[in-house]
Amino acid sequence: MQDCKEGDILVVTTTVGSAADAQALARRIVQARLAACVQVEPGLTSFYRWEGRDCEDAEVRLTIKTLPSCEAALQALFAEAHPYEVPQFVAVRASASSGYRQWVVAEVNP
């Protein structure tokens with residue numbers, strides 16, 4: 001991701017199959033200082049195609065608040081620690097209030 005504005009944060013979403021997996025991944029991300037906050041949302045149902053089959057599964061979404069400079073390190077952590085073979089990694093730049101961005105900067109170690 002390029003053309004990062006100074007006030008931008010990066011919001012990354014992913015899903016996992018259980019609350020336990022979500023909590024473990026969230027803790028690892030925050031402890032590695034790759035995000036200031038990870039929100040865990042249970043209760044999703046995903047409909048998708050995988051290996052030629054129609055699938056329907058319960059999932060838990062993680063919303064990760066970080067900095068654009070942490071994107072590569074976060075992708076590397078996903079490659080090592082995410083329970084899915086092909087994890088969702090959807091990153092969106094977002095404008096944040098000055099105070100919120102300052103908090104993210106203080107908590108993240110890119």
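Hi everyone, let me start with helix H1, where Ala22, Leu25, Ala26 and Ile29 are buried (buried means under 20% relative accessible area, exposed over 50%, and partly exposed in between, with a 1.4 Å probe and protein chains only). Looking down the axis of H1, these buried residues fall within an arc of 100°, so they line one face of the helix; the arc is taken from the directions from the helix axis to the C-beta atoms.

A word on the source: this is a predicted model, where local features need pLDDT of at least 70 and side-chain atom pairs count only at pLDDT 80 or more, while totals for chains, interfaces and linings use all residues. Residues are numbered from 1 along each chain as its sequence is written, and side-chain values use heavy atoms, with hydrogens and water left out. Helices (H or I, at least four residues) and strands (E, at least two) are DSSP runs, numbered from the N terminus.

Back to H1. The face turned away from its buried side carries the exposed residues Ala20, Arg27 and Gln31. What do the buried residues of H1 pack against? They pack against S1, S2, S3 and helix H2 (71–81), where contact means heavy atoms within 4.5 Å. As for length, the 13 residues of H1 should span 18 Å at 1.5 Å a residue, and its end C-alpha atoms are 18 Å apart, which agrees; the expected span is 1.5 Å times one less than the number of residues. Just after H1, Arg33 takes a positive phi of about 60°. Arg33 sits in the loop between H1 and S2 and counts as partly exposed, at 35% relative accessibility.

Now the sheet. It is open, with four strands in the order S2-S3-S1-S4 and antiparallel pairing; two strands pair if DSSP finds at least two bridges between them. Strands S2 (37–50) and S4 (90–95) stand at the edges, each with a single partner strand, so one side of each is left without a neighbour in the sheet. On average, neighbouring strands are turned by 30° against each other, direction ignored. S2 and strand S3 (residues 53–66) run antiparallel and are joined by 12 bridges; Leu44, for instance, has Glu59 in S3 as its bridge partner. H1 (residues 19–31) packs on this sheet, touching strand S1 (8–16), S2 and S3, and its direction makes about 30° with that of S3. Axes here are lines fitted to C-alpha atoms, for helices over the stretch in contact, and angles run from 0 to 180 degrees between N-to-C directions.

In the loop between S2 and S3 we find Glu51. Glu51 has a positive phi of about 50° although it is not a glycine, and it counts as exposed at 63% relative accessibility.

Last, the aromatics. How many aromatic pairs are there? The count comes to two, with rings of Phe, Tyr and Trp (its six-membered ring) pairing if their centres lie within 6.5 Å; planes under 30 degrees apart count as stacked, over 60 as edge-to-face and the rest as tilted. Phe78 and Phe89 have ring centres 5.1 Å apart and planes at 75°, so the pair is edge-to-face. This pair links distant parts of the chain, with Phe78 in helix H2 and Phe89 in the loop between H2 and S4, 11 residues apart. Phe78 counts as buried, at 3% relative accessibility. Tyr100 and Trp103 form a tilted pair, 5.4 Å centre to centre with 55° between the planes. Both lie in helix H3 (residues 98–107), three residues apart, about one turn of the helix.
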